[in-house]
Amino acid sequence: MTAPHLIGPGSGAVAVNRLPMTSLRRPFDLGLDGAWSFQLLPAFEHEPGETWTPVTVPELWTMREASDGPHYTNIVMPFDAVPPNVPAVNPTGVYRRAFELDAPGEDRIVLHVGAAEGYLRVSINGEPVGDSTDSHLAAEFDITDFCKPGTNEIELRIAKWSVYSYLEDQDQWWQSGISRSVGLHRVPAIRLHDVVLTADYDPQTCRGGLTVVASTSGLDALSGQGYAVRVSALGRSIDQPVTPRSVSQTIPGASADRSARPASLIPDGITDLLSLSAARAPLPPEVAAGASAMAAGMYPADTAGSVTISLEDLEVQPWSAERPHLEPLQVELLDETGSVVDRTEMRAGFRRVEIVGRDLLVNGGRVWIQGVNRHDFHPRTGRVLTRDDHVADLALLKRFNVNAIRTSHYPNDPVFLDLCDEIGFYVVDEADIEAHAFASTVCDDPRYLGAFVDRVSRMVLRDRNHPSIIAWSLGNETGYGANHDAAAAWVRRHEPTRLLHYEGAISPDWHGGHAATDIVCPMYPAFSALEAYSAHPDADRPLILCEYAYSQGNSTGGLAEYWRLFETLPGLQGGFIWEFKDHALDRDQDGRYRYGGDFGDEPNDGPVVLNGLVFADGTPKPALFEARGIFSPIRVVSSADEATRGTVRVRNRQIFADLSAYTVEATVEQTSGRSEPRPVTVDAAAGETAAVSVPADLVALFGDPDALALTLTVRTAADALWAPAGTVIAVHQVRKSRSAANTLSTPSAASAHPLSDSGELLHPLLASTPRLCLWRALTDNDGSFFLDQRFVRTGFFALRPESVTVERLDDGVSAVRIDYRTAFGDAVVHSRRVTRVAACEFVFDEHVELPEGTTDGLRVGIELELDGAFDDIDWVGLGPWENYPDRRDSALLGRWSSTIDDFATPYLLPQENGGRGGVEQIRISGPSGVVLTTHPVPVQATVGRHPIAELEAASHWWRLPDSSRTILQLDVAHRGVGTGTLGPDTRPEFRLTERTHHWTWRLHMHADDEGPA
């Protein structure tokens, strides 16, 4: 049968002359990173000209070439074609350089290309060597026969588009070039080909078992013994001969000699033994032994040229993300004289991954998957990362208590996996397969069957020795079809020690897809859907969300609710937040980060690439602090009443480790500030609860009327690769209940009325009178397609005063009523009573009535602008980082301070930001004076330099005009942020459903020429 025809680069095969994938990692004998010459051609078939540009490899040409820059799409392909067609305009990068080589003798020269983004063709000295696809796995080629002693020239030609581009349609920037290192290995002709470790741990016996399967190159034709493999591990050293070639058995013909009576050599019925044994028919022991011997002769246990060495009943420490213990291991290939001809060093992590019932277990423990999705990304290099870059990413995640990573949506650099092994993360390793634009067709297209199996199998073959990997993912958002089942079947047969993961298999039915996934791994589900699955009688697998808590812009609301469900309902075990880092690019290295469309890339998905828990430069967003508290290894489980009696109870949320890796200190937060920290002892085994004794002086402070909360700060006890000793990894509080203080006071004697005839409050520090505000600069979630312009339909973005009525009451008291019309003519009534209680101090009694039919809104509060120079802010409330009603479980109650410029959160796409909830008091100061507000009912407060209109008009934060303005917003009601762009909207209890609002607040203003504040 003729193979289906594919068109363009890569149309012949998945790869040509590429060496088989192996888990072995060899240092380069000749590194080829550094200076290369480069040309960008319009098509793959074009020949280079005379003009070359010097570049430094690894690099992506799209990060510097003006004519072919980065291109961002989420779903659609960046060109108008259908599989397997390739655009005629196909930018192709040609990299050339020379290298010096001695005569190899009997050795072989292997070229290693760590990752080529696009379709790769390798040539040596003008001769084509081979081709490769799969942009995120290494390609190796034996180039010995193409090289010569002395100077050689290498060319790496990379086509941007190929028939396999349809399998790399991931939600990320389309980039092109060489993203990982290039180099040469000089290896013996007879050598180790691969080493496969199975390091098991039995949680029942607390003992380990190690199986090492070493395969070789050049010995599969060995007919006799001579070569051996030596494994050295755990203080033992074992040698075992390499399995020789086994001559296939044949059935001899009957003898034609009839000169004598033939001897009876074969028992009657021997031909039936194999089938009887396979059918488990009852057989006498001696006959059963013969059947087993026959089967063994037909199917040898070891492949020719390989060795299997097993060590049982080992006393080992298990590996887990909490305690990532690794054992060094050495494998050597010995020749007939016992000399070492090849060797490799590895690290083994003993652990067992399994599903029991509806639970994912590691070493018998039901682990929490506190995960994130992570792309390879750097804002200035695209996807070219150094080891230090990987360490920085993983150290940041570890410090924020993330314990799991999904390598969305391709295999990461092996260096990254080494670090996951060492630092301690559970990894879902994902194959480089996403055909989002053609998900329903490519998954069943036989023209792509080989590529599916190739990409999945090569990932497994490369990464199977990493203990951090707990599951293999078949890719992302490519529907579900026969190609997935084929790849899944290969993995199940070849590498059964880990789980299979694929969201597409369960997307239409969480109870289906068993052939392709062992985990129910949906995206962005409703909270009620999780509850329904947990309660369903047919639910038979653990549910771990492959993507959730979508974090675009000011988002990630509801993370605490997800974890309330995970930790209380059976069958739910966590998930992977989308995602770790914004993908904004700083290609020009000017600090002006850019997103889709900023490079002239059409079509594009604009700012959808900005959905990380950290900014592109690695700075944590406030949402990451929310995750840090929820993911903390400890949790406070006691009340304020217990704290007043000197005890706080905490639970160790870890599965394997006690709390000896951490130190804890206690402080008391008061309206005047924080007390000095005092160390406290916390001792609890994994999963246990411990009582913490609070020092007597802190107990006394906590009983003071001005006390807000008792704070426990958790720090690392020892230096580690990911953090020095003393690094804060969590902060928890026991908060006191506080009764609202009445801010209304009797008007001062002979006070003047506070308001002008037009209802304005006039003061030198006010640029505008405090006015009603019902609108916020729309967040990405507020403007979600799925919310169907809900907030724009309210018309609250424009309030036009229709009438103003001012009434003078007692001395120092005025009442004002303002009737507004919204942008679409609906009536809003704002009634206010203002009392002057001192020369520059006022109490506001506010009442707002929203239009009939109002069921949701963004904010209800007061906005005012100050006149003059103000620099600093301090407040009593939740902080220190930005927080919103549905994203404040980890925020801390206390007295905090900041500059006004730092109070904002600079989301690249400007939007509502910088809010702090639970604010009782806020003080703004600077050369012009002091402005102080107090609130008997805590408010959501925001202080910034830019009005709402400027935030909504700007396309990038750095495009906002320079400003020294000071704008204060004080909201009695403020909507949560939710995840409505992709996932659940803000939960009902954090929406604004009331039509009437009533509250009171106090304003004190003191100009710098009025004496002490």
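## Report on a predicted model

Apart from its neighbours within four places in sequence, Asp1008 is in contact (heavy atoms within 4.5 Å) with Pro927, Ser928 and Gly929. This is a predicted model, in which local features need pLDDT of at least 70, side-chain atom pairs count only at pLDDT 80 or more, and totals for chains, interfaces and linings use all residues. Residues are numbered from 1 along each chain as its sequence is written, and side-chain values use heavy atoms, with hydrogens and water left out.

Asp1008 lies in the segment after strand E54 (996–1007). Helices (H or I, at least four residues) and strands (E, at least two) are DSSP runs, numbered from the N terminus. From C-alpha to C-alpha, Asp1008 and Ala696 are 42 Å apart in space, and they are 312 residues apart in sequence.

The table lists relative accessible areas. Buried means under 20% relative accessible area, exposed over 50%, and partly exposed in between, with a 1.4 Å probe and protein chains only.

| Residue | Relative accessible area | Class |
|---|---|---|
| Cys147 | 17% | buried |
| Cys420 | 0% | buried |
| Phe785 | 72% | exposed |
| Asp1008 | 52% | exposed |

Cys420 belongs to the buried residues of helix H4, together with Pro414, Phe416, Leu417, Leu419, Asp421 and Ile423. Helix H4 (residues 414–423) is mostly covered, with seven of its 10 residues buried. The elements that the buried residues of H4 pack against include helix H3 (387–399), strand E29 (426–430) and helix H6 (449–463).

A disulfide is a covalent bond between the sulfur atoms of two cysteines. Here the term stands for a pair of cysteine sulfur atoms within 2.5 Å. A search of the whole structure finds zero disulfides. Cys420 is in no disulfide, and the nearest cysteine sulfur, that of Cys546, is 18 Å away.

Phe785 lies in the loop between strand E43 (766–773) and helix H13 (790–794). With Phe786 and Leu982, Phe785 forms a nonpolar patch on the surface, and together the three have about 380 Å² of accessible area. Accessible areas come from the Shrake-Rupley method with a 1.4 Å probe; for residues, only the protein chains shown count as cover. Patches are made of residues with over 30% relative accessible area and no salt bridge; like charges are joined within 9 Å, nonpolar side chains (Val, Leu, Ile, Met, Phe, Trp, Tyr) within 5 Å. A salt bridge is a side-chain nitrogen of Lys or Arg within 4 Å of a carboxyl oxygen of Asp or Glu.
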